[in-house]
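Student: Hi! Could you walk me through this structure, please?
Tutor: Happy to, here it is.

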There are 2 protein chains.
Amino acid sequence: MREDGRGVADRRTMLLEAAARVIARRGVRGLRVEELAAEAGVSTALIYYHFKNRMGILRATLEFINDRADRYTGERDPDAPPLDARGELLETLLLEFQDDLEVRENSTAWGELRACAVFEPDLQEDVAKSTLVWVQDVAELLGHVHPQAGAAALAMSAERLTALVEGLSSRWLSGSLPLRHARDLVVGAVDAELARLAA
Amino acid sequence: MREDGRGVADRRTMLLEAAARVIARRGVRGLRVEELAAEAGVSTALIYYHFKNRMGILRATLEFINDRADRYTGERDPDAPPLDARGELLETLLLEFQDDLEVRENSTAWGELRACAVFEPDLQEDVAKSTLVWVQDVAELLGHVHPQAGAAALAMSAERLTALVEGLSSRWLSGSLPLRHARDLVVGAVDAELARLAA
DNA sequence: GTCTATACAGCGATAGAC
DNA sequence: GTCTATCGCTGTATAGAC
């Protein structure tokens with residue numbers, strides 16, 4: 001997983017993987033540079049060599065988990081049967097609700113960074129941009145199911161579905177909503193939005 | 001605001017109001033006991049006299065903002081025209097999306113405490129309980145609109161609507177979604193869920 | 001690039017007087 | 001109940017050697 005064709009992933013990437021793990025375990029609020037260093041097996045000074053300061057770690061990690069999430073979306077098993085438009089939409093929205101360790105890491109870290117952005121203007125722009133990209137992706141997938149729907153209606157449906165996923169994700173991660181139930185709720189919401197767009 | 005018929009609100013309440021303000025301003029992670037003391041105009045020692053420790057402040061504040069939110073829901077202008085069932089439902093769900101200072105304080109603090117609960121088992125139970133109460137309230141209001149709907153369907157619609165509100169609230173508070181748009185999205189979602197329950 | 005060592009500040013929590 | 005004063009830890013960040 002940390003290998004590519006050209007060798008071992010570089011140090012910075014390794015540090016970011018460690019940062020994602022620590023944030024997922026302790027939260028942004030609980031991220032200690034010292035613990036990150038231990039997790040990565042390096043000294044704290046090296047962290048400050050690669051990142052300007054604590055906020056620099058957070059910003060870089062946000063970018064890192066966004067790139068990693070993009071990779072998941074792109075990577076489909078080539079042997080699996082091709083998905084129809086609704087299937088692709090569901091897959092995208094349900095991506096966060098999996099028991100896979102790395103996915104859960106991504107969801108947790110993303111939720112944390114989003115929550116922190118409320119108080120950290122330095123994060124707001126990046127979070128807003130990532131959210132926008134996600135909303136637009138979902139709007140496009142909705143458009144594949146209902147090509148006749150208007151752009152404004154697609155955008156609003158996409159905003160609702162993605163915000164719902166974020167809300168449910170937060171409940172799931174805090175242990176107040178079982179994974180299975182969260183997935184059922186998303187499926188129901190998708191069908192409701194598709195029904196609305198069909199009308 | 002800090003008065004009632006029997007005199008000035010007691011000290012503990014004043015401290016909790018101050019705590020809600022500080023959490024709304026700095027977040028849970030940014031809450032410093034010293035700043036809370038300054039905000040309330042008392043010494044830090046007094047904080048520890050009234051609360052066991054920092055976590056005790058958080059737990060008490062969570063309870064406080066829940067009670068305060070309940071009070072909003074109950075208090076309606078007696079001169080206003082009575083609301084129909086859908087109107088009551090909308091009012092409950094849109095309660096968080098207002099430019100009122102105290103309401104915004106409540107939303108922000110609630111979002112923070114919910115986000116923190118992912119990493120603080122001590123908060124999870126309280127957060128889950130509050131969420132459950134809210135979901136049940138919304139389910140009941142949905143039932144007033146569609147008395148023939150089944151309990152399971154009402155519960156799932158309520159879960160979706162409340163989770164959506166939480167997701168949108170987080171976007172609003174981090175400045176990536178205008179208040180007005182958030183409200184429109186909620187109204188749309190309510191109508192979609194009501195249409196589903198009518199079928 | 002990476003480490004060891006450490007300066008320095010911030011903050012939670014308590015002791016003890018009034 | 002409330003304050004002043006302070007302890008002691010924890011955590012960010014840097015200096016300087018290799």
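Student: What should I know before I start?
Tutor: This is a predicted model, where local features need pLDDT of at least 70, side-chain atom pairs count only at pLDDT 80 or more, and totals for chains, interfaces and linings use all residues. Residues are numbered from 1 along each chain as its sequence is written, chains are lettered from A and ligands numbered from 1 in the order in which they are written, and side-chain values use heavy atoms, with hydrogens and water left out.

Student: Okay, how are chain A and chain B related?
Tutor: Chain A superposes on chain B by a rotation of 180 degrees with 0.1 Å of shift along its axis, at an RMSD of 0.1 Å. The two copies are thus related as by a two-fold rotation axis. The superposition is by least squares on the C-alpha atoms of residues with pLDDT of at least 70 in both.

Student: And which surface do they use for each other?
Tutor: The same surface serves both copies, as 91% of the contact residues of chain A recur in chain B. Contact here means heavy atoms within 4.5 Å.

Student: How many residues does each chain put in?
Tutor: Chain A gives 44 residues to the contact and chain B gives 41 residues. About 3200 Å² is buried between chain A and chain B, and carbon and sulfur atoms give 61% of that area. Buried area is the accessible area (1.4 Å probe) that two parts lose on being put together, summed over both.

Student: Which helix of chain A gives the most to the side that touches chain B?
Tutor: That is α8(A), with 12 residues. Helices here (H or I, at least four residues) are DSSP runs, as are strands (E, at least two), numbered from the N terminus. The residues on that side of chain A divide into 20 nonpolar, 11 polar and 13 charged. Ala, Val, Leu, Ile, Met, Phe, Trp, Tyr, Cys and Pro count as nonpolar, Asp, Glu, Lys and Arg as charged, and the others, Gly among them, as polar.

Student: New topic: what surrounds DNA strand C?
Tutor: 15 residues do, and the closest are A:Ser43, B:Arg32, B:Val33, B:Tyr48 and B:Arg54. A residue is near a strand if one of its heavy atoms lies within 4 Å of it.

Student: Which element gives the most to the surface near DNA strand C?
Tutor: α3(A) does, with four residues. The residues of that surface divide into eight nonpolar, four polar and three charged.

Student: And what comes nearest to DNA strand D?
Tutor: Of the 15 residues around DNA strand D, A:Arg32, A:Val33, A:Tyr48, A:Arg54 and B:Ser43 come nearest. A polar backbone atom of A:Arg54 is 3.0 Å from a phosphate oxygen of DNA strand D, and an N or O atom in the side chain of B:Ser43 is 3.0 Å from a phosphate oxygen of DNA strand D. Here α3(B) gives the most to the surface, with four residues.

Student: Last one: how many salt bridges does the structure hold over all chains?
Tutor: It holds 28. In one of them, the side chains of A:Arg160 and A:Glu193 meet at 2.7 Å, N to O. A:Arg160 lies in helix α8 of chain A and A:Glu193 in helix α9 of chain A, so the pair ties together parts that are 33 residues apart in sequence.

Key. Polar contact = N/O pair within 3.5 Å; in protein donor to acceptor, adjacent residues only side chain to side chain. Salt bridge = Lys/Arg side-chain N within 4 Å of Asp/Glu carboxyl O.
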